[in-house]
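Student: Could we go through this structure together? I would like to begin with its charged side chains.

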Amino acid sequence: MGKSGFNGPLEQVNECLWRIPKSYMPSMRVDGLIYASDELMQHLRHDQAPEQVANVATLPGIQVASLAMPDIHWGYGFTIGGVCATDPDEGGVISPGGVGYDINCGVRLMRTNLFYRDVKAHLQTLVDALFREVPTGTGKKGKYYFPEKELRELMGSGVPFLKRRGLATDEDIEFTEARGCLAGAEPDNVSERALQRGAEQCGTLGSGNHFLEVQIVEAILDADAADVMGLKKDQVCVMIHSGSRGLGYQVCDDALRLLRGVPEKYGIVLPDRQLACAPVLSSEGRHYLGTMRAAANYAWCNRQLLMWQAREVFESVFRQKWRDLDMTLIYDVAHNIAKFEEHSIEGGFKNVWVHRKGATRAFPPGHSEIPELYQQIGQPVLIPGDMGRASWVLVGQPGSMQQTFGTTCHGAGRLMSRTRAIEHAQGRRIDQELAKRGVIARAQSWRGLAEEQPAAYKDVNQVVDVVHAAGLSKKVARMKPIGVIKG
């Protein structure tokens, strides 16, 4: 995380929006726009993330503005919470830094027909069973193994591949963004090293900020939307946050090596080498897109298998079939991805590459890419917070299409680096502190909980307030954590 702060101009546009004018740097092609409240902006002034927003504004083919959501913090190349759209017909580029190392890291939410009163006496048993049965931790192998041929098929087909194996249903596919598969994946271009890392990690949670969390619906703010999603007060749900594991990391690493020297080849001058990129229509750009899509499909399969294992644990603990427990997927959203989408720009429609790096799609009611069930309310938006406070369910709003290429925030956003969080946790038992808040937390190590302690994050309620007030997405329900497993 940047430490020296941002000394450039930050002009307040309205209560939710700040501008870095393109006059700040001669190479900026568009303004930088940051969604934040006054309070969140006080923290942001001490971070170098706004400088990254300005840097992204220099990319060839960028449209309208370089954008950042209120969970913005320092990242690789792009800020986490960064959004930009590039037009390939105007020399637009694709940048791995605008997707991130954990390709298609994302969140899914599954409901049950259980209520807090039904699980309270079994919660410790449930969390222990989840921690025992669902693989967590760095480099951890899982129960599913895919040899090379099958792994390449999985990366090409996404979740429909798992349905053919009896590990997914039609409903699981329908309620996953992009139906769990990006077309145009090129798994044959994924390196042997990436395949080795991914062969036994599909269906594993990983470490860092990834989690599987048992939650209850604490409050409902939009009764109609909640009813469509099947959400009720005090209902038990399961939220899963994970991505493409070592395979996705390797795909990104391979791409960055391939792109060394490529900007110079095409006459692209960058203010930061971490913005390494290639024209979308170049051979290098197409190569990255093919492997990025393959890793994205792997990530959807990873979250599907994590959910499948959670269903099996609930079956064991509550001695009912998961279908009888109504363990239905509400939705799955990606927040580290680049997608080719049509958007209204300067009075006309363009097909552009929307980079969302720590940012979530938030399509409004009536959009053709969201399931029929949600056509009247908008796409479900899932915003996880820290382990001790809350997570949120929202729905996409028309303002997202008008302002942010159909995008909203993706989480709370870090306030502390992991190193600082560990220093802050010295002499403390984070698990005991969480227990006092009514949360049973299990992790592979003290360090894993220390890095992810609530104080390390912004207050997700403040972040969600901004995107709600800005008209990017609308609050539906606040979710309270009661049990969490982490790496």
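Predicted model: local features only at pLDDT ≥ 70, side-chain atom pairs only at ≥ 80, totals over all residues.

Student: What does Lys 163 pair with?

Tutor: Lys 163 forms a salt bridge with Asp 170, and their closest N and O atoms are 3.4 Å apart.

Student: OK, next one. Which residue does Asp 172 meet in a salt bridge?

Tutor: The side chain of Asp 172 meets that of Arg 311, with an N to O distance of 2.9 Å. Asp 172 lies in helix 7 and Arg 311 in helix 12, which spans residues 283–318, so this pair ties together parts that are 139 residues apart in sequence.

Student: And are those two buried or exposed?

Tutor: Asp 172 counts as buried because its relative accessibility is 1%, and buried means under 20%. Arg 311 is buried as well, with a relative accessible area of 1%.

Student: What about Asp 332, which side chain does it meet?

Tutor: Asp 332 forms a salt bridge with Arg 303, at 2.8 Å from N to O.

Student: Which residues do salt bridges with shared partners join into one network?

Tutor: That network consists of Arg 414, Arg 418, Arg 447, Glu 451 and Glu 452.

Student: Changing topic: where is Thr 169?

Tutor: Thr 169 sits in the loop between helix 6 (159–164) and helix 7 (170–174).

Student: Buried or exposed?

Tutor: Thr 169 is buried, because its relative accessible area is 8%.

Student: What does its side chain reach?

Tutor: The side chain of Thr 169 reaches the backbone nitrogen of Asp 172 at 3.0 Å. Asp 172 is the residue whose side chain meets Arg 311 in a salt bridge.

Student: Which residues is Thr 169 in contact with, leaving aside neighbours within four places in sequence?

Tutor: With those neighbours left aside, Thr 169 is in contact with Lys 163, Trp 308, Trp 322 and Arg 323. Lys 163 is also the salt-bridge partner of Asp 170.

Key. Residues numbered from 1 in each chain as written. Heavy atoms only, no water. Helix = DSSP H or I, 4+ residues; strand = E, 2+ residues; numbered from the N terminus. Buried < 20%, exposed > 50% of the residue type's maximum accessible area, 1.4 Å probe, protein only. Polar contact = N/O pair within 3.5 Å; in protein donor to acceptor, adjacent residues only side chain to side chain. Contact = heavy atoms within 4.5 Å. Salt bridge = Lys/Arg side-chain N within 4 Å of Asp/Glu carboxyl O.
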